[in-house]
2 protein chains.
Amino acid sequence: MSDAPNPTEKRSLAQRLLDGDKRALARAITLVENDDPAGWELVREVYPHTGRAAIVGLTGAPGAGKSTLISALTKLRREQDRQVAVLSIDPSSPFTKGALLGDRIRLTEHFLDPGVFIRSMANRGALGGLSEAALQGALLMDAAGKQDVLLETVGVGQAEIDVIDHADTVVLVLMPGSGDSIQALKAGVMEIPDIIVVNKADHPMTDTMVREIRSVLSLAPESGWRVPIVKTEAAFGKGVDELLEQLDAHRSYIEEEGTLSERRTRNLRNEVLAICTARMRRALEERLAADERFQAMLDEVVARKLDPATAATRVLAELDAPDARA
Amino acid sequence: MSDAPNPTEKRSLAQRLLDGDKRALARAITLVENDDPAGWELVREVYPHTGRAAIVGLTGAPGAGKSTLISALTKLRREQDRQVAVLSIDPSSPFTKGALLGDRIRLTEHFLDPGVFIRSMANRGALGGLSEAALQGALLMDAAGKQDVLLETVGVGQAEIDVIDHADTVVLVLMPGSGDSIQALKAGVMEIPDIIVVNKADHPMTDTMVREIRSVLSLAPESGWRVPIVKTEAAFGKGVDELLEQLDAHRSYIEEEGTLSERRTRNLRNEVLAICTARMRRALEERLAADERFQAMLDEVVARKLDPATAATRVLAELDAPDARA
């Protein structure tokens with residue numbers, strides 16, 4: 001029986017987490033990030049204590065100044081005596097591991113503040129994996145009593161959108177003179193965010209960009225919430241108070257309109273399906289890795305004798321009827 | 001027996017496609033795009049005749065000039081008497097349907113050329129769906145005797161990367177003064193492409209950008225292929241001949257080194273798994289949509305009584321043991 005898990009120890013980690021212990025929170029997130037079953041169990045245990053934090057997602061191209069903005073926001077939230085957690089989703093690089101480390105330096109002034117918790121998660125490329133882990137991380141922060149959870153991602157692709165979907169309020173951070181993100185918005189690659197920030201607003205192109213954003217927004221369907229465009233110079237703390245006001249205004253709006261509850265219901269449904277899908281894919285890959293017949297089938301696909309869709313049909317037929325394998 | 005499919009008609013569509021009939025190709029791609037079983041069957045039928053086209057993927061932010069570049073490339077390939085097909089992956093927009101139509105206008109000069117086939121596909125948001133459909137479309141173009149298939153996507157997110165993975169050669173198109181894409185490259189959000197184009201090279205920031213790209217590339221691990229940076233002004237046809245030379249050089253390189261075959265093997269394997277995963281997810285969603293117990297489970301998740309991962313575990317357990325449902 002000596003190999004059995006120690007329930008006292010596990011309860012104690014959950015309890016310490018709920019008490020707001022920073023080290024317990026760090027440990028818990030590591031368990032989740034490592035896909036450790038103990039991490040999933042911990043989330044299960046503390047889940048009833050979640051749902052209270054305001055989860056704000058910040059997205060936008062690298063270099064737009066998201067980290068500086070988050071640092072300035074954190075400062076103001078701390079002045080309001082609120083507990084803050086920052087979860088940065090760092091894309092892993094095939095060749096520049098740690099390229100974004102410099103960004104973290106902007107948050108160092110908060111490292112020693114016990115009311116602030118800062119954590120990065122790296123993209124491990126697993127299907128849906130990062131998005132799952134990010135949600136679990138945000139839930140743990142929420143359970144640990146953080147009132148504001150700031151989720152930071154880079155880029156406007158599907159993987160980032162999946163992460164940002166966990167947020168109650170989505171903030172798109174742009175910088176003047178850098179047209180890619182606004183083009184992506186225009187082209188409909190990304191959905192309309194709740195708040196748009198034009199950072200580095202001392203740039204001469206700022207007002208041109210604001211006009212351009214207004215014209216894109218004018219094409220969007222009417223909704224009760226009018227997307228504000230906030231000009232900031234995060235490095236000098238300028239405009240960050242207005243961003244804070246808009247964040248609070250959006251929060252009140254979604255709480256009053258019932259949008260918050262709708263959004264969370266939709267996102268939690270998608271999350272359950274995403275976890276199912278990721279696990280099914282993993283199980284499939286594990287099963288096929290050792291299957292010689294699958295390798296032979298792949299060789300046929302490469303030799304253009306069998307097309308990919310038919311190969312997929314055969315694979316799935318075998319999964320449904322495992323007896324036929326004998 | 002009157003409802004049975006007519007094999008003569010079907011063979012004839014495949015045969016007309018293999019003979020290079022433009023209307024048959026258009027019809028075939030529509031079948032695939034609509035997820036019509038006849039489309040999948042058609043791909044199965046013509047698949048042995050694929051693998052000969054050079055598939056080039058062009059990616060980069062909207063506005064970089066990809067369509068203009070493709071139009072100029074098409075012109076040169078036609079002068080070499082090669083058959084060209086263009087497959088543009090247009091992101092669907094929640095609010096600006098057809099925003100990218102303007103881009104297509106740049107290709108109009110080729111619309112009447114029987115040696116050129118141009119087609120757009122819209123992102124329908126299905127998991128893996130667009131990437132699947134794009135590959136099938138490219139295979140049909142290949143089977144129809146197109147020697148150059150140009151796959152165009154917008155953005156640098158995961159969905160676009162999945163599409164671009166079908167290409168033998170990946171070209172990243174940048175424009176000077178627009179920093180988002182190069183930042184994404186730097187941050188490792190996207191992998192190193194095979195060729196980088198700096199379009200609109202009359203811009204004063206061109207050389208600065210080329211230097212910046214060189215410095216990013218210098219961080220990449222050594223490989224046998226040295227990524228060329230080609231400066232173009234596609235609107236005036238400038239530099240496009242050099243791009244053509246680099247495309248041919250890369251083609252020779254991957255053919256000689258065996259990289260082409262490796263790449264295709266890896267991509268076809270991923271494709272089979274992606275099709276399996278997409279189908280499993282669709283089957284799961286269909287099954288759960290009508291399942292009252294799943295709705296009740298979701299309500300518990302929203303009420304914070306049951307966490308998403310545990311809900312997913314229960315869903316999967318039921319799928320594995322359907323007898324337990326009785």
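The accessible surface of chain A comes to about 14,500 Å², by the Shrake-Rupley method with a 1.4 Å probe, where for residues only the protein chains shown count as cover. Carbon and sulfur atoms hold 51% of that surface. The model is predicted: local features need pLDDT of at least 70, side-chain atom pairs count only at pLDDT 80 or more, and totals for chains, interfaces and linings use all residues. Residues are numbered from 1 along each chain as its sequence is written, chains are lettered from A and ligands numbered from 1 in the order in which they are written, and side-chain values use heavy atoms, with hydrogens and water left out.

Chain A has 326 residues, and 53% of them count as buried. Buried means under 20% relative accessible area, exposed over 50%, and partly exposed in between, with a 1.4 Å probe and protein chains only. The chain holds 13 helices and seven strands. These are DSSP runs numbered from the N terminus: helices are H or I with at least four residues, strands E with at least two. Contact means heavy atoms within 4.5 Å. Of the chain A contacts between residues at least 6 apart in sequence, 76% join residues at least 24 apart.

Now the core. In soluble globular proteins, nonpolar side chains tend to be buried together. The largest nonpolar core here has 110 residues. Such a core is a set of buried Ala, Val, Leu, Ile, Met, Phe, Trp, Tyr and Cys residues joined through side-chain atoms within 4.5 Å. A:Leu17, A:Leu140, B:Leu17 and B:Leu140 have the most contacts inside it. Beyond its neighbours within four places in sequence, A:Leu17 contacts residues including A:Ala24, A:Val46 and A:Leu140.

A:Gly39 sits in helix α3 (residues 37-46) of chain A. A:Gly39 is buried because its relative accessibility is 0%. Its C-alpha lies 9.8 Å from that of A:Gly137, 98 residues apart in sequence.

In chain B, start with strand β1 (residues 54-59), which contains B:Ile55. B:Ile55 has 7% relative accessibility and so counts as buried. Leaving out residues up to four places away in sequence, B:Ile55 touches B:His166, B:Asp168 and B:Arg251, among others.

Next, helix packing. The axes of α4 (residues 66-79) and α10 (residues 240-257) of chain B come within 10 Å and cross at roughly 75°. Therefore α4(B) is roughly perpendicular to α10(B). Axes are lines fitted to C-alpha atoms, for helices over the stretch in contact, with angles from 0 to 180 degrees between N-to-C directions. Angles under 35 degrees are roughly parallel, over 145 roughly antiparallel, 65 to 115 roughly perpendicular, and the rest oblique. The α4(B) side of the contact includes B:Leu69 and B:Arg77, and the α10(B) side includes B:Leu243 and B:Asp248. The contact residues are eight nonpolar, no polar and three charged. Ala, Val, Leu, Ile, Met, Phe, Trp, Tyr, Cys and Pro count as nonpolar, Asp, Glu, Lys and Arg as charged, and the others, Gly among them, as polar.

Two chain B loops hold residues with positive phi. B:Asp81, not a glycine, has phi near 65°. B:Asp81 is in the loop between α4 and β2 (84-90). B:Asp81 is exposed because its relative accessible area is 61%. B:Lys200 has a phi of about 60°. B:Lys200 is in the loop between β6 (195-198) and α9 (206-217).
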